[in-house]
Amino acid sequence: MKKLYYYLLSVTIVFFLLSCKTVQKTPGPIPQTPPKPAPVASVSNNTSFYWQQRVDYKMEIDMDVNTYQYKGKQELVYTNNSPDVLYKVFYHLYFNAFQPGSEMDIRSQNIPDPDPRVGDRIGKLKPDEIGYIHVNSLKQNGADITYETVGTVLEVELSKPIQPGEKVTFNMDFDAQVPIQIRRSGRNNKEGVALSMAQWYPKLAEYDFEGWHADPYIGREFHGVWGNFDVKLTIDKNYVVGGTGYLQNPNEIGHGYQTGTLYQPTGNKLTWHFVAPNVHDFTWAADPNYIHDKAQVPNGPMLHFFYKNSMPKEKLENWKNLQPKAVALMEFFSENIGAYPYKQYSIIQGGDGGMEYGMCTLIAGEGSFNGLFGVTAHEMAHSWFQFLLATNELKHYWMDEGFTEYFGEYAESVIFNKSFTEPTERAYNIYRSYANSGVEQPQTTHADRFNYNQASAISAYYKGYVFLSQLRYVIGEENQKKTIKKYFNDFSFKHPVPNDIIRTAEKVSGLELDWYLMDFTQTTNTIDYGIKSIEDNRVTLERIGLMPMPLDIRVTYVDGSIEDFYIPLQMMRGEKPTNATLKPDWAWAYPTYTLETNKSIGSVKIDPSGLMADIDLENNKK
């Protein structure tokens, strides 16, 4: 998510961390094989108390491209799959964040390192530039109900409680205004895209085994309920639309969608009819100057590309060159994570770094080819970790951002035959600087509660990357790969939590790994092992940091020969697959460990792979 932006930010991260030491992110049918629906029960916590709610939306939207205002009718069928009686519901009204005095505005003006795209811009918006969603009426099964808009959340008192297993229908009329693009959504961005419509409709909040997630929109990301969307969008006939869902009336629309004879209705507007099965969001973008290209992934989805025809020639060529590489990305992720279940994916010039959504992404489109590919790789990888696994990004952002960053770099290294070591070393070095800065906060910190924006970015992108990369070190590379595939297969469409990834790794490897999840993500404990002394054929190792780890040790003997050793961590209750010489377990509470060899030792190195996130590498070799 937003890889390009944070890649640029990483250039300044070292300076930030150094400063922090003193201070203390004919109509087409629905496809024959839609994605499987989310189950009512999940094995997430091995308990019947984890389940999935369900929403099915029907919306009719009429957009005025001159005023940037639109009117909407929404019918929402809500299925209460929980064991609880619900007396309230909540909707997100995200566009309300783009008003002077909003929580996003005030937070941006008070955090020490505001996002430069936001800064104080919201506070300067004029009435015809702000965003808003006004709810004009809301009914529950035909009966009026009481509601109140509180910032970016609509609080709803139900006329009748919703019983477990019950379905209710909510009907809403609303009107809204698209803000000047500040962050992710909006109109007329710096690249000239007319409408980037993300988080643009009243969206029912998620209720799960932890209760309601009616978080205000302050700057971080999203959590949504699975369901089907049926959306009819009426807009100026010259605008080209791309986004979530399958277009049901391509031969009435044209604009590169038609499959047969085009028969556009008369009038100044067209009504685009989209259907999206089993998604947790619906996003679109529109511009009268979009080029619309398509590329078929063999045995996979159709890729759609939307980009401005007004860009310089070399930028247009970047978009053409991107298309076969995007096909390769889709094949890579499907092979190495799991099969992409939809029949379509769209890459859309939306202008604000990059951001992933249902069946599509909005990205900045005017950078270099390398930048365009990099942000596409990252955002497409999100389709697996954000959109199909869909962890709660306000609480477990690192599971999405970190894993996505890892796989984006992994894919790029394979597709371009580049080193995967270099981006991995960069991620580890950024994490080390953060861990040594004195301002690190645990990854259990709510995404909006970080003291610094850059600390949030490092925790999400880079420490999350290190978590997954270091898992290779802990359980072995093949077990790590199997873990990712099993995790995706078991938890797609289920909103997994951190315990799910570590329990999956335990089942694959046969090892006990709760310590790894707890120390690395729930605390700021650090890894620091050192070489205390070498005497002839004996080396004494010491544990300096609080976080335990198994150790890979490389010994170079006086005669020039080399031998690798593996010292298991006792609390793992087993060993990873290895060809190294196996030594007795090291119990964490013992501060030192003596390794004896059969020959005189010349030198010793801890972790020759570089995959253990030791925060002090100076004492790792002697």
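**View 1. Arg426 is partly exposed, at 27% relative accessibility.** Here, buried means under 20% relative accessible area, exposed means over 50%, and partly exposed lies in between (1.4 Å probe, protein chains only). Arg426 forms a salt bridge with Glu409, their closest N and O atoms being 3.3 Å apart. This pair links distant parts of the chain, with Arg426 in helix H7 (residues 421-435) and Glu409 in helix H6 (residues 397-415), 17 residues apart. Glu409 is buried, with a relative accessible area of 8%. A salt bridge is counted when a side-chain nitrogen of Lys or Arg lies within 4 Å of a carboxyl oxygen of Asp or Glu. Helices (H or I, at least four residues) and strands (E, at least two) are DSSP runs, numbered from the N terminus. A word on what you are looking at: this is a predicted model, in which local features need pLDDT of at least 70 and side-chain atom pairs count only at pLDDT 80 or more, while totals for chains, interfaces and linings use all residues. Residues are numbered from 1 along each chain as its sequence is written, and side-chain values use heavy atoms, with hydrogens and water left out.

View 2. Glu412 counts as buried at 11% relative accessibility, whereas Lys418 is partly exposed at 45%. Another bridge joins the side chains of Arg54 and Asp56, at 3.8 Å from N to O. Arg54 is buried at 15% relative accessibility, and Asp56 is partly exposed at 23%.

**View 3. H6 and H8 pack at an angle of about 70°, with their axes 7 Å apart.** That makes H6 roughly perpendicular to H8. Axes are lines fitted to C-alpha atoms, for helices over the stretch in contact, and angles run from 0 to 180 degrees between N-to-C directions. Angles under 35 degrees count as roughly parallel, over 145 as roughly antiparallel, 65 to 115 as roughly perpendicular and the rest as oblique. Contact means heavy atoms within 4.5 Å, and here the residues making it include Tyr397, Trp398 and Tyr406 of H6 and Tyr461, Tyr465 and Phe467 of H8. The crossing is right-handed; a crossing has this label if the near helix is turned clockwise from the far one by less than a right angle, and is left-handed if anticlockwise.

**View 4. Helix H5 (residues 369-388) meets H6 at an angle of about 130°.** Their axes lie 8 Å apart, and the two helices are oblique to each other. The crossing of H5 and H6 is right-handed. Among the residues that meet are Phe373, His378 and Phe385 in H5, and Met399, Phe403 and Ile415 in H6.

**View 5. H8 also packs with helix H9 (residues 477-491).** The angle is about 130°, with the axes 7 Å apart, so H8 and H9 are oblique to each other. The crossing is right-handed. Look for Leu468, Leu471 and Ile475 among the H8 residues in this meeting, and for Gln480, Thr483 and Ile484 among those of H9.

**View 6. Helix H11 (residues 514-522) has several buried residues.** They are Trp515, Tyr516, Leu517, Asp519, Phe520 and Thr521. These residues pack against H6, H7, H8 and helix H10 (498-509).

**View 7. Leu372 sits in helix H5.** Leu372 is buried, with a relative accessible area of 2%. Leaving aside neighbours within four places in sequence, Leu372 touches Asn318, Trp319, Leu322, Ile363, Ala364 and Gly365. Leu372 and Glu166 are 206 residues apart in sequence and 46 Å apart in space, C-alpha to C-alpha.

**View 8. The largest nonpolar core has 189 residues.** Such a core is a set of buried Ala, Val, Leu, Ile, Met, Phe, Trp, Tyr and Cys residues joined through side-chain atoms within 4.5 Å. Phe170, Leu195 and Trp284 have the most contacts inside this core. The largest share of the core, 14 residues, comes from helix H8 (residues 453-475). To explore from Leu195, find its contacts beyond four places in sequence, including Met63, Val65, Ile235, Tyr239 and Trp284.
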